Amino acid sequence: MSEKVLHIDDSQFEEEVLKSDKPVFVDFWAQWCGPCKMVGPVVEELAEEMENVKFVKVDIDQNQEYAAKYGVMSIPNMLLFKDGNIVNRQIGALPKNELKAFIENNI
């Protein structure tokens, strides 16, 4: 598991995501979600490669406040935040090159 990917709970969301001074990629996921398990290693690889973006994971089974606030109805659900606002959303698994392009095109 990469040390560059923060696993946060609802109490940390505002500080780690909304108040971040750099863009934040948030992966809403759950242990039982097959596609989430496919995306996990990709997110960790991108976190190692992309120093200009903060990578955060939120387990929706344990932390439902922000998942509900941002309308996370299906997972994996990945939101890109900049200056505390959502700039784009990706629902469903993507290969690494497409996920990297999604991030780069929106920051």
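Q: Which residue stands opposite Leu79 in β5?
A: Arg89. This is a predicted model, so take each position as computed.

Q: How many bridges join β4 to β5, and do they run parallel or antiparallel?
A: There are 6 bridges, and the two strands run antiparallel.

Q: What sits between those strands in the hairpin?
A: The hairpin of β4 and β5 has 2 residues between the strands. Asp83 takes a positive phi there, near 55°.

Q: And how do β2 and β4 pair?
A: In the antiparallel sense, over 5 bridges. Within β4, Asn77 is the residue opposite Phe28.

Q: What order do the strands take in the sheet?
A: The order is β1-β3-β2-β4-β5. The sheet is open, with 5 strands and mixed pairing. β1 (5–7) and β5 (85–91) are the edge strands, and each pairs on one side only. On average, neighbouring strands are turned by 25° against each other, direction ignored.

Q: Which strands in there run parallel?
A: β1 and β3 (residues 54–59) do, joined by 3 bridges. Val5 has Phe55 in β3 as its bridge partner.

Q: Which strands does helix α4 lie across?
A: Helix α4 (residues 96–104) lies across β2 (24–29), β3, β4 (77–82) and β5. It runs at about 30° to β4.

Q: Now the packing. How many residues are in the largest nonpolar core?
A: The count is 20. Phe13, Val17, Val26, Phe28, Ile75 and Phe81 have the most contacts inside it. Elements giving two or more residues to this core are α1 (10–18), β2, β3, α3 (65–69) and β4.

Q: Which element gives the most?
A: β2, with 4 residues.

Q: What is Phe81 in contact with, beyond its neighbours within four places in sequence?
A: Phe13, Val17, Leu18, Pro23, Val24, Val26, Tyr70, Ile86 and Val87.

Q: How many aromatic pairs does the structure hold?
A: It holds 7. Take Phe13 and Phe81: the ring centres are 5.8 Å apart and the planes are at 75°, so the pair is edge-to-face. Phe13 is in helix α1 and Phe81 in strand β4, 68 residues apart, so this pair links distant parts of the chain.

Q: Are those two buried or exposed?
A: Both Phe13 and Phe81 are buried.

Q: What about Phe25 and Phe55, how are their rings set?
A: Their centres are 5.3 Å apart and the planes are at 45°, so that pair is tilted. Phe25 lies in β2 and Phe55 in β3, so the pair ties together parts 30 residues apart in sequence. Phe25 and Phe55 are buried.

Q: Which residues form the aromatic cluster?
A: Phe13, Phe28, Tyr66, Tyr70 and Phe81 form one cluster.

Q: Last one. What lies over the face of Trp29?
A: Lys57, at 5.1 Å from the ring centre.

Definitions and conventions. Residues numbered from 1 in each chain as written. Predicted model: local features only at pLDDT ≥ 70, side-chain atom pairs only at ≥ 80, totals over all residues. Heavy atoms only, no water. Pairing = 2+ DSSP bridges. Axes fitted to C-alpha atoms, helices over the stretch in contact; angles between N-to-C directions. Contact = heavy atoms within 4.5 Å. Core = buried A, V, L, I, M, F, W, Y, C linked by side-chain atoms within 4.5 Å. Buried < 20%, exposed > 50% of the residue type's maximum accessible area, 1.4 Å probe, protein only. Phe/Tyr/Trp six-rings, centres within 6.5 Å; stacked < 30°, edge-to-face > 60°. Lys NZ or Arg CZ within 6 Å of the ring centre and 35° of its normal.
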